[in-house]
Every structure is written in C-alpha cells, then in structure tokens.
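Please look over the chain shown below before reading on.

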Amino acid sequence: MSVYPWQQNAWQLLQQSRTRQSLAHAFIVSGVQGLGLFEFSQQLSAWLLCQQPTPQGACTVCKSCQLWAAQSHPDYRLLEQLSDEKTGKTSQVIKVDQVRQLIDFLNKSAQLNGYRVAVIHRAETLNINAANSLLKTLEEAGAQTVIILLTESPLMLLPTIRSRCQQITFNVPSAAQSEEWLQSQLNSQFEAKLLLALSEGAPLSALALPQTAWFVARQALLQNILEVMQKKHSALQMSQQWQKQLKAEELLTALQIMLADIMWCKLGQQNAIKNSDLLPIIKTIASMSATNVILAQQKQCLEAYHLMSANIQPNLLFDNLWLSFSRFAHRG
Ligand SMILES: [Zn+2]
C-alpha cells in the first residue's frame, strides 16, 4: 500500500510531522479531479488508525487494519452528501445534522485507544450552518483527533475554516511523471500520451477515460461529421442519432476537442492535436474546411455550453451545430 507518485512529497511531510509529534488536527486536501484525493484520504486514515504504522503506510495486519479492511472501523467516520431514500437523488449539501453527529462521535473516546479520524468528502458542499458548527470542533479538536476535508474547490470553503486547517494541495503532475505512471498501468506509451492529452493531464481521469462513452465514440463521431460535410447523411438525422448516443455535455466536450484538433491541423501544428490516434480523418476534415468556418463552429459550441447551463433545450442547439457541419466544406 502506498500513495500515488505525485502524492509522495505530501506523504513524507505528514510522516515527518507524526514522528515529531506535531501532526495537525485538521487538513484540507485539495486538487482537481483525477488526482486521487479520496484515495489519499483513505491511505492517511488507515495509517493514522493503524496500531503498528510504518513510514510507508498502515501495516495491513493489526486489529485496526483488519477492521479498516472490513470497512467497520469504529473510530472512523466519512461525511458526504446523503442520497434521498425514496428518490435516490443525492443531496446538494452536507447538512448541519450530519456535522452534529460527527461532533458527537469526535467527543467520545476512541474505541481502540488510538486516533479518531473523520473524512469530509466534497467539503465545499457543507452548507453554511454545517460549516459554522464544524468551526468550533476544528479549533478545539482533542489530541489524537484528525479531520480531513477533501475538496476540488478550496476557495469555496469559509475563510475561517481554511485558516484552521493545514493545506495539502495536489497539482497536476509533470507530463513526464504522469506518463511514466500511466504507462506502468497500460503498457503503452502511445495510449498513455493520448489519454493524458484528452484529460488535461490528470492521471486517474486518463486511466478511466477508455470506459467513457464519448472516448469510445470519437472515431464514429468524426466519421459522421465528415459524411454530413459530404452530404451523405442529413444533418438533422445525425443530430437526433448522436443525442440518443451521448449525454449533451459529453457530446459538446467531444466536439470542442475535435474542432480544436481540426484547427491545429489547419494551422500546421500537428503536435498539439489531442486525438492523435485519429490523425488521418482530422486531416481530411481540415483540408476540406476553411479557418473562419472552424472558428465560427468553435464559437457556436461555446455558446451552446452557456445556453445549456441556462436550461435551454439541447435539441435545437445540436440541430444548429449539425446544420453548420453540413455547410462546413469549401464550395467550388
Ligand atoms: Zn495496522
């Protein structure tokens, strides 16, 4: 068991603090999606609770580690948005009652005589009352109590909460480090580069990308765009078909990355192309279209994003995008 390579520095600092007995009582662990914040919190929790911790992490064999592995450790709590029992919908916020229960737990003594650990997942969703009732606990957390707040948006936490916590920030690792790690998972340098380019360099997002619908559909989507340009398909038919196949946001994401690639190709910057496995078809489309038309289509995609977040029905937006593709090719 060990943390990801891009988390090693933070881990070593925590380990040194623990050796010096100067470990903080509250942490904010932050970073963009795909860097493994939750996984880090789990390693850290298991290590704090472990009865024979090593510098690398929990021992995995002591009584505490067995309870941890069985997901029934009495001195650990995870706080997150709850799902409604009837509708199954996840709540937008973490409510004050949940924080009160957590405080009760933290005020009792540990059952295994060690640390008590609480992880608050998506801490930015603490509503104002919940955040305020957490404040006092953060300030007065007893010895051997650790509270770990996880968030992709640390600036959305109350300043009073931020000032009471030690900050651990994960940045997107260097291209070399991400690539090395991803390559070790996939055994393919080409695939590692492709996936990282398409996921803004976040290694865990890159690893999960092959399971996403839009990644799988990329080639067919480009093929259909080409066929609409060549008038082999009706734009409105394609619009309907693709709205059934992909979620609106996914479809827009895919289209935006593809249009950017077509533009890079047009500008002779092939190294910047993200869908590097689809180069031949991207070249064909680029050779058939003019720069100003590609630019206009990129703008239309961006506008579609804004309109969708304003709850405009996506049908019309996609119909227009596909109609524009049908007029994409050079005339004469
Ligand atoms: Zn252990």
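This is a predicted model: local features need pLDDT of at least 70, side-chain atom pairs count only at pLDDT 80 or more; totals for chains, interfaces and linings use all residues.

Residues are numbered from 1 along each chain as its sequence is written.

**Overall layout**

- The protein chain holds 15 helices and five strands, where helices (H or I, at least four residues) and strands (E, at least two) are DSSP runs numbered from the N terminus.
- Along the principal axes, the C-alpha atoms of the protein chain fill a box of roughly 80 × 40 × 35 Å.
- Of the 332 residues in the protein chain, 34% are buried; a residue is buried if 20 or more other C-beta atoms, placed from the backbone, lie within 10 Å of its own, exposed if 12 or fewer, and partly exposed in between.
- Among the contacts in the protein chain with a separation of 6 or more, 69% join residues 24 or more positions apart, a contact being two residues whose C-beta atoms, placed from the backbone, lie within 7 Å.

**Domains**

- The protein chain is divided into domain 1 (5-169), domain 2 (175-208) and domain 3 (212-326), with bounds that come from an automatic or database domain assignment.
- The C-alpha centres of domain 2 and domain 3 lie 24 Å apart, and four residues of domain 2 are in contact with four residues of domain 3.

**Nonpolar cores**

- The largest nonpolar core has 53 residues, of which Phe27, Val29, Ala118, Ile120, Ile148, Leu149 and Leu150 touch the most other members; such a core is a set of buried Ala, Val, Leu, Ile, Met, Phe, Trp, Tyr and Cys residues joined through C-beta atoms within 7 Å.
- Helix H2 (residues 37-49) gives the most to this core, with seven residues.
- This core lies between domain 1 (5-169) and domain 2 (175-208), because both give residues to it.
- Leu149 touches Phe27, Ile28, Ile120, Ala123 and Cys165, leaving aside residues up to four places away in sequence.
- A second, separate core of 31 residues includes Leu222, Met229, Trp242 and Ala254.

**Positive phi outside glycine**

- Gln71, in the loop between helix H3 (63-69) and strand E2 (76-79), has a positive phi near 55 degrees although it is not a glycine, and Gln71 is exposed, with 8 other C-beta atoms within 10 Å.
- Asn113, in the loop between helix H4 (96-107) and strand E3 (116-120), has a positive phi of about 70 degrees and is likewise not a glycine; Asn113 is exposed, with 10 other C-beta atoms within 10 Å.
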